[in-house]
Amino acid sequence: MMTVIGNTPVVKLQRLFKHASFDAYVKLEMLNPGGSIKDRPAKVMLQEALREGKLRPGSVVVESSSGNLAIGLAQICNLIGCTFICVVDPRTTLTNIRILRAYGARIDLVREPDSATGEYLPARLARVRHWLRKLPHAFWPNQYGNMNNPLSHQQTTMAEIATDLPRIDYLLCGVSTCGTIRGCIEYIRANRLATKVIAVDALGSSIFGSNRPKQRRLLPGLGAAVRPALCPEDGIDDIVEVDDLECIIGCRRLARLESILVGGSSGGMIAALEKVQDRIAPGSTCALILPDRGERYLETVYDDQWIAKFFGKEALDQVRARQASEGGVEIA
């Protein structure tokens, strides 16, 4: 199974941005076996740990994850004969929990956020450290600080995009652990590409030291409560913030207009490009990394009742109006 991770396709958007003066291409990371881009660092982090003797068959792997990395780790742990404990929080979708349990992962749900910050990430990391004290021989991949995370994207993700698109003027990449964007920047720098990198972050995230008030974030995949150790010091040309509702609209536009069913952070890439499209030079080629598939978000992003419950009727009306304006058919 590990041999089919990567080499995901890049496709041109035909209807979204059809009137723009640039071309937009998306990399479909949903087609990895675990359904997301996180299969790549999961594979490399565990393979390198095995090679270095930090991990062996029969070991316990412990990691904090909102879902996608956990699924990648769960698959590979089965293949190498390791037990996997995944620390999650209430934002993890029920579908992801069910997938993890199907793979045999042990779920440790952190129910309360960190008391000092009000965020779940510090609380999840504290729980990981609890497990490491309890199981001193357990292995923590530490996606937030493991250099094999960005290395996986330098060696594969960005290398594949550069092979499929001989010229890349702009790259739009979501940020959370910052492994993907750092790896892509390292490839761009090493190969002296002229690509401008646009980081797509969640509104109110602390990654880039935003002065805006913290926002309640219901969708996983973008943003972080603390600045990750992997966040690059340079190489990012622009930063675009998106909120949950913009991500939802982006997802639904992709589904209706391009028949690409994606997860919340992927919708954020579409929202971000829409925000900066007036600054894109005519004739440019834009590449967007779409991290995961949408089936795991059918009860959230694609559910009108969920949107109305958490965002209000006006937000749902806004989503529906956008669909109607672009030819989406509503069935009563």
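A: Contact, the basis for saying that one part covers another, means heavy atoms within 4.5 Å. The model is predicted: local features need pLDDT of at least 70 and side-chain atom pairs count only at pLDDT 80 or more, while totals for chains, interfaces and linings use all residues. Residues are numbered from 1 along each chain as its sequence is written, and side-chain values use heavy atoms, with hydrogens and water left out. Helices (H or I, at least four residues) and strands (E, at least two) are DSSP runs, numbered from the N terminus.

We begin with helix α7. Helix α7 runs through residues 244-258, and its 15 residues reach 21 Å from the first C-alpha to the last. This is close to the 21 Å expected at 1.5 Å a residue, where the expected span is 1.5 Å times one less than the number of residues. At the start of α7, a side-chain oxygen of D243 comes to within 3.2 Å of the backbone nitrogen of L245. After α7 comes S259, with a positive phi near 55°.

Because 12 of the 15 residues of α7 are buried, this helix is largely enclosed by the rest of the structure. Buried means under 20% relative accessible area, exposed over 50%, and partly exposed in between (1.4 Å probe, protein chains only). Among the buried residues of α7 are D244, L245, C247, I248, R252, R253 and E258. The cover over these buried residues includes strands β8 (238-242) and β9, together with helices α8 (264-276), α9 and α10 (313-325).

The loop between β9 and α9 (304-311) contains T300. T300 is buried, with a relative accessible area of 14%. Leaving aside residues up to four places away in sequence, T300 touches W306 and I307.

Helix α6 covers residues 179-190; it has 12 residues and reaches 16 Å from its first C-alpha to its last, close to the 16 Å expected at 1.5 Å a residue. Its buried residues are G179, T180, I181, G183, C184, I185, Y187 and I188. What covers them includes α5 (148-164), β6 (170-174), β7 (196-202) and β9 (285-290). Just after α6, R192 takes a positive phi of about 55°.

Key. A polar contact is a pair of N or O atoms within 3.5 Å; within protein, one must be able to donate a hydrogen and the other to accept it, and residues adjacent in sequence count only if both atoms are side-chain atoms.
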